[in-house]
Amino acid sequence: MSAPPSGRSEAPAPEVRPPGTLALWVLAALAVLYTLYFASSLLIPVVVALLFSLLLSPLVNALKRFHIPRSISAIVLLACIGGPIALLGMELAEPAEKWAKRLPEIGRELTDELDSLTESLSPTQQQAEPAPAPEPAPVERSGFNWFGWFDDDEEAAPATPAPAVQEEQKSQGAVTERLLQGGLELMISFVSAAPFVLVQLLTFVILVLFQLSFGPRLWQSAIEIFPRVRDKRQAVLVVARVQRELSRYIVTVSLINIGLGITTAAVLWLLGVEDALLWGALVGLLNFAPYVGPLVAVCILALAGAVQYGLVAAALIPALAYFSINLLEAQFVTPLVLGRNMRLNPLLLVLWLIVWGWLWGAAGVLLAVPLLVCLKLAAQQLGVMEYWVKLIETRA
């Protein structure tokens, strides 16, 4: 006869994972990383198209209530947004081309300014140069010189520069040649990449149109068809809620960055900075990458100020003006508007930017933060990865 079970409940046995699980997860993560790296040319337009579709999907859904077909509303919205962007690009093409051509000249001017500043601060240049030696008096010679055939006077040899001067001239020539070569390589890379960029742009437009036209119906069909989705109504509501929150975030961040670019361009124009519209558009685009984008924008504006005003204190005025505007936006406007959705740990954010910069370059840096916020919002709405969401939202 077996003993009666005691009232004390037994502790649950610890979960035993099969050996090699951690190694499989590491291999899977490496496979995903290298797939993202080698398939960047394919995935970048797809990801940008998905984010842009999230941006326009509420407007398309609103127009659908007025019995306007989704395809027509998608085309109209793309034309309304793409038209001003195309006009802005045409307006900025000339100053951007001008600055691209001036890159070798700018590098040469900055090199000359730094050389002159170094020479003025060098202690050897402050010493008095020795007075030139007096020329020897001509010596009269007696006798015949046979019409100059046997004259002992030799012609004076041309003066050769000192070895230090020769080395300095060679180094300056090498630097100038390298700057010119770098400018030519940059222009050649831009020209060679133009067809590839056009193909990616066409891919992006087609994906946005098809996503806005046929995407919602495809998601609903997938939820209805696949048997693993048990609570189909709840799944539809969760997908709609995730889409709405992500769209709200993308719209808000885009409006903040557009306002930052317009404000910066207006302030720089009032200060008399050349090509203020170009710098405003640039800082608005770079602001999609926190910390890294504003730092790059400050360096670019400092360089532009140095080109326009020279190496003087006034050259820092454009960079300081933008830094003040960005400080107000980052400390007050963005936290007030976005609230908790923008709470991201700075260390994790910088590591995330570095990873995506390695994967996709400049495009990855610009897309990193929207992707991180989108993943965080989706995890919050779906109720998954709660510990990772709390880790991402850790205060500084």
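**Note on a pocket lining and the aromatic pairs**

1. In this predicted model, the lining of the second largest pocket comprises 20 nonpolar, eight polar and five charged residues when sorted by class. The pocket itself has a volume of about 1,200 Å³.

2. As to which residues surround that space, the second largest pocket is lined by 33 residues, and Leu54, Trp219, Val239, Val242 and Gln243 are those that lie nearest its centre. Two or more lining residues are given by each of the elements α2 (40-64), α5 (163-225), α6 (232-270) and α10 (346-382).

3. Turning to the aromatic side chains, the structure holds nine aromatic pairs. One of them joins Trp99 and Trp279 in an edge-to-face arrangement, with 5.1 Å centre to centre and 70° between the planes. Since Trp99 belongs to helix α3 (residues 70-121) and Trp279 to helix α7 (residues 276-286), the pair ties together parts that are 180 residues apart in sequence. Both Trp99 and Trp279 are buried.

4. Phe210 and Phe214 also form an aromatic pair, in this case a tilted one, with 5.6 Å centre to centre and 45° between the planes. These two residues are separated by about one helical turn, because they stand four residues apart in helix α5. Phe210 and Phe214 are both exposed, whereas Trp99 and Trp279 are both buried.

Notes. Residues are numbered from 1 along each chain as its sequence is written. This is a predicted model: local features need pLDDT of at least 70, side-chain atom pairs count only at pLDDT 80 or more; totals for chains, interfaces and linings use all residues. Side-chain values use heavy atoms; hydrogens and water are left out. On a 1 Å grid over the protein atoms alone, a cavity is a set of points where a 1.4 Å probe fits but cannot get out, and a pocket is an open set with protein on both sides within 12 Å along at least five of seven lines; lining residues have an atom within 4 Å of a point. Grid points are joined across faces, edges and corners, and a volume is the space filled by probe spheres set on the points. Ala, Val, Leu, Ile, Met, Phe, Trp, Tyr, Cys and Pro count as nonpolar, Asp, Glu, Lys and Arg as charged, and the others, Gly among them, as polar. Rings of Phe, Tyr and Trp (its six-membered ring) pair if their centres lie within 6.5 Å; planes under 30 degrees apart count as stacked, over 60 as edge-to-face and the rest as tilted. Buried means under 20% relative accessible area, exposed over 50%, partly exposed in between (1.4 Å probe, protein chains only).
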